[in-house]
Amino acid sequence: MATLEERGSTRRGKIMTAWPRTLALFACAATLGATSFAGTMTGQDPNDIEDLPAEEIALEAHDATEVVGLRAKGKMTFWSEQIRIDLTLSPQGDCAGTIEQGGNTAELIRADDASYLKGDADFWKAADVDSDMVNQFADQWVKISDQLEGAEDLVELCALDSMLEPVVLSDLIVGGPGVTKGEVHKIDGKLAIPVTAKDGDVMVRIEVAAEGKPYILKLTETGSDEPRDVAFSEFNRPVKVKAPDAEDVIDLVP
């Protein structure tokens, strides 16, 4: 099983041109743009998951979380850049929202096996797009088909299993001397139990709901090449993502 350090090294070692590399950076995550829910777990019955060993808690939480639509909000690192995310993800790999990096914001939609980005001129300038393309792309939806070089990164980064990747690549679900569980406490008003895996300087911690379904409420990773601090909410809600109308899209034909 690859270590967290090996994962980060592998990703940075990919050979990509500036354009697809930029797409991968800015489409790593999306903030919720048009979809909003007000889900809460308050008042649900205790699930007694704290009685299980740490690795079993992590496994149940991962399995419960990866199969439902949800909202993810927080900070991530991708291609050595810090970005803020607030996105909705479906189990099928669709996503919708906006991303923010270095003060520049863009909307992102992934639907029908294609990804769409919409940012202002400052966004595309920061993305190192050719100057003649900046004005063309500004405030327009730009379609990145899956056949384009680098588009596979968008597929991966809109995938729910990719968002939960540190849970799998750490020792959380296989156990080991560095895996521990804490005491039930409240996080954002919800009962949760923390489960932590440590491997050298790398730490991965999940906060698992101790009431209702044992969803992962928060995922934190520190000490690795790709630290993150992401909260999850609005579980098991329908995630309906619609591609922009064709007449509003600039299609980057491969």
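Student: So helices here are DSSP runs of H or I with at least four residues, strands are runs of E with at least two, and both are numbered from the N terminus. Where is V253 found?

Tutor: V253 is found in the segment after strand 13, which covers residues 249–252. This is a predicted model, where local features need pLDDT of at least 70, side-chain atom pairs count only at pLDDT 80 or more, and totals for chains, interfaces and linings use all residues. Residues are numbered from 1 along each chain as its sequence is written, and side-chain values use heavy atoms, with hydrogens and water left out.

Student: Is V253 buried or exposed?

Tutor: V253 counts as exposed, at 65% relative accessibility. Buried means under 20% relative accessible area, exposed means over 50%, and partly exposed is in between, with a 1.4 Å probe and protein chains only.

Student: How far is V253 from Q147 in space?

Tutor: The C-alpha atoms of V253 and Q147 are 8.6 Å apart. Along the sequence, the two residues are separated by 106 residues.

Student: Changing topic. How many disulfides does the structure hold?

Tutor: The structure holds one disulfide. A disulfide here is a pair of cysteine sulfur atoms within 2.5 Å.

Student: Which cysteines form the disulfide?

Tutor: C95 and C158 form it, with their sulfur atoms 2.2 Å apart.

Student: Is C95 buried or exposed? And C158, buried or exposed?

Tutor: C95 is buried, at 1% relative accessible area. C158 is buried too, with a value of 1%.

Student: What about helix 3, how many residues has it?

Tutor: Helix 3 has twelve residues, 54–65, and reaches 17 Å from its first C-alpha to its last. The buried residues of helix 3 are A54, I57, A58, A61, H62, A64 and T65.

Student: Where do those sit around the axis of helix 3?

Tutor: They cover an arc of only 165° around the axis, which puts them on the same side of helix 3. The arc is that of the directions from the helix axis to the C-beta atoms.

Student: OK, strands. Where is R71 found, and is R71 buried or exposed?

Tutor: R71 is found in strand 1, residues 70–78. R71 is buried, with a relative accessible area of 17%.

Student: What does the side chain of R71 make a polar contact with?

Tutor: With the side chain of D86, at 2.7 Å. A polar contact is a pair of N or O atoms within 3.5 Å; within protein, one must be able to donate a hydrogen and the other to accept it, and residues adjacent in sequence count only if both atoms are side-chain atoms.

Student: And how far is V230 from R71 in space?

Tutor: V230 and R71 are 9.8 Å apart, C-alpha to C-alpha, and 159 residues apart in sequence. V230 lies in strand 12 and is buried, with a relative accessible area of 0%.

Student: Strand 1 also has G74. How far is G74 from R84 in space?

Tutor: The C-alpha atoms of G74 and R84 are 5.7 Å apart, with the residues ten apart in sequence. G74 counts as buried, at 16% relative accessibility.

Student: Last topic, backbone angles. What is phi of D112?

Tutor: Phi of D112 is near 55°, a positive value in a residue other than glycine. Most residues other than glycine have a negative phi. D112 is found in the loop between strand 4 (104–111) and strand 5 (114–119), and D112 is exposed, with a relative accessible area of 63%.

Student: What about phi of E234?

Tutor: E234 has a positive phi of about 55° and is not a glycine. E234 is found in the loop between strand 12 and strand 13.

Student: Is E234 buried or exposed?

Tutor: Buried, as E234 has 8% relative accessibility, whereas D112 is exposed at 63%.

Definitions and conventions: The expected span of a helix is 1.5 Å times one less than its number of residues.
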